[in-house]
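Let us go through the side-chain contacts of this model.

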Amino acid sequence: QEQIERLWLLLCLVVVAFPTGKTFFKYFVSFLQTNLTASGKSLQYVQWCMDNSNRAQAAPRKLPPSSVEIAAMKRLGTIVCRFFFLDGRTKAIDVHPCDTAQDSVSKLADKIGLQSLDGWALFESGPNRESHIQGHHYLYDIISSWEIEQNLATKTSQTKVSPAKNLTPKRPAGASDNRFIFKKRLFRNTREIPGDPVEVSLLFAQAVHSVVRCDDLPVSEKVALQLAGLQAQVALGEPQPD
């Protein structure tokens with residue numbers, strides 16, 4: 001029975017990794033229907049496959065499932081991912097194995113009340129890098145890539161330590177050192193102030209982060225003073241007349 005459940009678990013992972021073709025779909029559903037008489041955990045796996053076999057996927061997944069995805073699939077659940085904002089806030093949402101970066105952007109926008117998605121995107125941030133995640137990329141592939149990098153770094157650090165020396169290798173960067181960041185990537189109407197207060201707050205936090213904290217964007221003295229004035233206004237409130 002345990003081996004049968006493992007086979008069904010593998011099939012659940014395959015269903016969300018590779019889109020079912022039109023020709024094969026009806027045969028696959030027929031096979032699942034003949035196994036609805038299964039019992040216990042196997043029946044739950046069969047039902048899960050039926051519920052997720054007709055999901056629209058533009059392309060197959062590129063990387064094998066991570067240990068986190070396998071653990072989530074064993075309980076027929078999804079991975080709860082935490083997304084970071086540049087104002088210090090975080091939001092956690094359920095991410096389905098078929099969800100792309102654009103799908104997660106839409107979920108985040110709904111959760112925080114962001115009206116327009118124009119120009120907003122997800123980034124992956126690690127100890128030594130920060131890169132944009134293209135909208136069609138699957139987040140589960142990104143999580144898998146983090147785990148692969150962690151395993152490679154662990155093996156490399158172990159081989160570099162000489163057994164003759166009593167040295168403790170440095171802890172390699174792991175998946176927990178990586179994070180998803182939500183911020184603006186494309187600025188189109190730079191001279192227009194958005195009417196959405198949620199977007200204005202996020203843009204202000206991104207300006208402070210990029211100009212003040214990270215010094216990524218060079219600005220003129222005039223712009224620096226304007227930003228400093230806005231920071232003071234946010235921190236101290238509206239100026240009071242004497």
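Q: Is Phe28 buried or exposed?
A: This is a predicted model, where local features need pLDDT of at least 70, side-chain atom pairs count only at pLDDT 80 or more, and totals for chains, interfaces and linings use all residues. Residues are numbered from 1 along each chain as its sequence is written, and side-chain values use heavy atoms, leaving out hydrogens and water. Buried means under 20% relative accessible area, exposed over 50%, and partly exposed in between (1.4 Å probe, protein chains only). Phe28 has 7% relative accessibility, so Phe28 counts as buried.

Q: How many aromatic pairs are there?
A: Rings of Phe, Tyr and Trp (its six-membered ring) pair if their centres lie within 6.5 Å; planes under 30 degrees apart count as stacked, over 60 as edge-to-face and the rest as tilted. By this rule the count is six.

Q: What is the centre to centre distance of Phe24 and Phe28?
A: Helices (H or I, at least four residues) and strands (E, at least two) are DSSP runs, numbered from the N terminus. Both residues lie in helix H2 (residues 22–34), four residues apart, about one turn of the helix. Phe24 is partly exposed at 49% relative accessible area. The pair is stacked, with 25° between the planes and a centre to centre distance of 5.8 Å.

Q: How many residues apart are Trp120 and Phe182?
A: These two form a stacked aromatic pair, 5.3 Å centre to centre and 5° between the planes. Both are buried. Trp120 is in strand E3 (residues 120–126) and Phe182 in strand E5 (residues 179–184), so the pair links distant parts of the chain, with a separation of 62 residues.

Q: Which ring lies under the charged end of Arg179?
A: A charge sits over a ring if NZ of Lys or CZ of Arg is within 6 Å of the ring centre and within 35 degrees of the ring normal. Arg179 is 3.9 Å from the centre of the ring of Phe84.

Q: Which residue forms a salt bridge with Asp118?
A: A salt bridge is a side-chain nitrogen of Lys or Arg within 4 Å of a carboxyl oxygen of Asp or Glu. Here the closest N and O atoms are 3.5 Å apart. The pair ties together parts that are 70 residues apart in sequence. The partner is Arg188.

Q: How many salt bridges does the whole structure hold?
A: One joins Arg129 and Glu124, at 3.0 Å. Arg61, Glu69 and Asp141 are linked in a network. A search of the whole structure finds ten.
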